[in-house]
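Here are a few exercises to work through with the model open beside you. Take each task first, then follow the solution step by step.

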Amino acid sequence: MDRFVKNFIIASIVYLALSTVLGIAMLHQPQLLSFKFVHSHLNMLGWVSMMIYGVGYHILPKFAGKFLKSPKLGELQFWLANASLIVLLLFYSMNVLSPLSSYMLIATLAGVVHAISIGIFFYNMLATLLPAAPPPQR
Ligand code: HEM
Ligand code: HEM
């Protein structure tokens, strides 16, 4: 298993743990519902997407009888996706605590970097899966 695959899976489980704590805190203290975006995106971009990236990078090329086009891009996507998710949620939270347009600007830029990381996954997977497989050797 590539290091970035393992890292995606570990990060995914850490995000699930964090979002669960926040989810329970929101149930207990309804004023924390202003952090619902943080909970939902820890779950959707953290837990769910990172688990899919990790499992997808590992298993989809094998299903197609191929090697991943670029493990280096996979590694790059890991760092971009995680750094941008953390910055996005941190600055969103800071804006909830003390609203400031520059916090939202940084959160928006982090959102754009996150979208780029999604584009890298999209490219790497399609460049792996779409080319025709070479004919079997005799
Ligand atoms: C013990 C685990 C969890 C707890 C206690 C919890 C709690 C909550 C709470 C209190 C809300 C706010 C609901 C409201 O607006 O009144 C919420 C929203 C949400 N949760 Fe969770 N949650 C948990 C796990 C999860 C998981 C595993 C996922 C996704 C895989 C998830 C996805 C979402 C999403 C997408 C929203 C936003 C829904 C909306 O805006 O309508 N949650 N959760
Ligand atoms: C770069 C990636 C993304 C960005 C920047 C982003 C941003 C946003 C924003 C600004 C909202 C509105 C929040 C509000 O009403 O205050 C939102 C809501 C939501 N997004 Fe995303 N999103 C992203 C990706 C995703 C993905 C991939 C999913 C699902 C797989 C998702 C699921 C949701 C859900 C369920 C809501 C409604 C719950 C909530 O208000 O928190 N988002 N998103």
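His 114 lies in helix H4, where helices (H or I, at least four residues) and strands (E, at least two) are DSSP runs numbered from the N terminus. This is a predicted model, in which local features need pLDDT of at least 70, side-chain atom pairs count only at pLDDT 80 or more, and totals for chains, interfaces and linings use all residues. Residues are numbered from 1 along each chain as its sequence is written, while chains are lettered from A and ligands numbered from 1 in the order in which they are written.

**Exercise 1. Decide whether His 114 counts as buried or exposed, and list its contacts.**

Step 1: A residue is buried if 20 or more other C-beta atoms lie within 10 Å of its own, exposed if 12 or fewer, and partly exposed in between, with C-beta atoms placed from the backbone.
Step 2: His 114 has 21 C-beta neighbours inside 10 Å, so it counts as buried.
Step 3: Two residues are in contact if their C-beta atoms, placed from the backbone, lie within 7 Å. Leaving aside neighbours within four places in sequence, His 114 is in contact with Leu 45, Ala 81, Ser 84, Leu 85 and Leu 88.
Step 4: Look also at Ala 83, 31 residues away along the chain: its C-alpha atom is separated from that of His 114 by 8.5 Å.

**Exercise 2. Find which residues surround ligand 2.**

Step 1: A residue is near a molecule if its C-beta atom, placed from the backbone, lies within 6 Å of it.
Step 2: Sort by class, counting Ala, Val, Leu, Ile, Met, Phe, Trp, Tyr, Cys and Pro as nonpolar, Asp, Glu, Lys and Arg as charged, and the others, Gly among them, as polar. The shell around ligand 2 then has four nonpolar, five polar and one charged residues.

**Exercise 3. Now describe the shell around ligand 1.**

Step 1: Ligand 1 is surrounded by 13 residues, and the closest are Thr 20, Gly 23, Met 26, Ser 40 and Asn 43.
Step 2: H1 and H2 are the elements that give two or more residues to this shell; H2 gives the most, with seven residues.
Step 3: By class, the shell around ligand 1 divides into seven nonpolar, five polar and one charged.

**Exercise 4. Work out how H2 and H3 are arranged.**

Step 1: The axes of H2 and H3 come within 11 Å and cross at roughly 175 degrees.
Step 2: Angles over 145 degrees count as roughly antiparallel, under 35 as roughly parallel, 65 to 115 as roughly perpendicular and the rest as oblique. H2 and H3 are therefore roughly antiparallel to each other.
Step 3: By class, their contact has eight nonpolar, four polar and no charged residues.

Note on methods
Axes fitted to C-alpha atoms, helices over the stretch in contact; angles between N-to-C directions.
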